[in-house]
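We will go from stop to stop, picking residues as we go.

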Amino acid sequence: MDVLNGIEQFRDMLQEIPKQYEFNRQEIKRLEQERNDLMHLAEFGKYNAFEGYSYFRRLGEISQERRKIKDENELLEPIVKMIEKKNITKEKLNQLIGQCRKIMKTQEKRSYRVRVREDLQEKFAKN
């Protein structure tokens with residue numbers, strides 16, 4: 001094992017994870033604003049069928065991208081909190097690994113249950 005390389009990688013991780021977390025927060029905010037634009041377009045706008053389909057597809061893309069980033073931040077958040085507290089110990093890292101595994105397992109099982117439109121539930125079935 002190259003000790004210096006390992007230390008450098010650990011240092012880089014401690015610097016980059018909070019930056020990535022904050023970048024993701026800003027990206028989520030931007031995507032939510034774009035999603036709001038499209039939702040207001042649906043409410044107030046005028047468009048033909050092709051444009052409507054294009055907007056609806058973009059809404060889906062935005063939502064998927066947002067979910068992916070939120071999932072990543074869900075994993076990064078406990079790491080960022082530990083870094084901020086400057087409380088990094090072997091035991092804390094082991095707890096963090098367990099916490100991340102639990103989050104990943106939850107994310108794999110995540111699904112959506114319709115609230116009103118029961119006729120749409122089958123569209124949410126996982127492949």
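Start with helix H3. Select Leu96, Cys100, Ile103 and Gln107: these are its buried residues. Seen down the axis of H3, they fall within an arc of 65 degrees, so they line one face of the helix. The arc is taken over the directions from the helix axis to the C-beta atoms. Buried means under 20% relative accessible area, exposed over 50%, and partly exposed in between, with a 1.4 Å probe and protein chains only. Helices are DSSP runs of H or I with at least four residues, strands are runs of E with at least two, and both are numbered from the N terminus.

A word on the ground rules. This is a predicted model, in which local features need pLDDT of at least 70, side-chain atom pairs count only at pLDDT 80 or more, and totals for chains, interfaces and linings use all residues. Residues are numbered from 1 along each chain as its sequence is written, and side-chain values use heavy atoms, with hydrogens and water left out.

Stay on H3 and turn to the face away from its buried side. The exposed residues there are Lys90, Glu91, Gln95, Arg101, Lys102, Lys105, Glu108 and Lys109. The buried residues of H3 pack against H2; contact means heavy atoms within 4.5 Å.

How far apart are the end C-alpha atoms of H3? They are 29 Å apart, which agrees with the 28 Å that its 20 residues should span at 1.5 Å a residue. The expected span is 1.5 Å times one less than the number of residues.

**The second largest pocket**

Select Pro78, Lys81, Met82, Lys85, Asn87, Lys92, Gln95, Leu96 and Gln99, which line the second largest pocket. About 200 Å³ of space lies in it. H2 and H3 (90-109) each supply at least two residues of this lining. By class, the lining has three nonpolar, three polar and three charged residues. Ala, Val, Leu, Ile, Met, Phe, Trp, Tyr, Cys and Pro count as nonpolar, Asp, Glu, Lys and Arg as charged, and the others, Gly among them, as polar.

A pocket is an open set of points on a 1 Å grid over the protein atoms alone, where a 1.4 Å probe fits, with protein on both sides within 12 Å along at least five of seven lines; lining residues have an atom within 4 Å of a point. Points are joined across faces, edges and corners, and the volume is the space filled by probe spheres set on them.

**The largest pocket**

Next, select Gly60, Ser63, Gln64, Tyr112 and Phe124. Of the 23 residues lining the largest pocket, these lie nearest its centre. The pocket holds about 1200 Å³ of space. Which helix gives the most to its lining? H2 does, with nine residues. H1 (3-44) and H2 (49-85) each supply at least two. The lining has nine nonpolar, four polar and 10 charged residues.

Pick proline 18 in helix H1. At 26% relative accessibility, proline 18 counts as partly exposed. Beyond its neighbours within four places in sequence, proline 18 contacts Met13, Val80 and Ile83. Its C-alpha atom is 8.2 Å from that of isoleucine 83, 65 residues apart along the chain.

Move to glutamate 77, in H2. It counts as partly exposed, at 32% relative accessibility. Glutamate 22 lies 55 residues apart from glutamate 77 in sequence and 9.9 Å apart in space, C-alpha to C-alpha.

Finish on lysine 123, in the segment after H3. Lysine 123 is exposed, with a relative accessible area of 63%.
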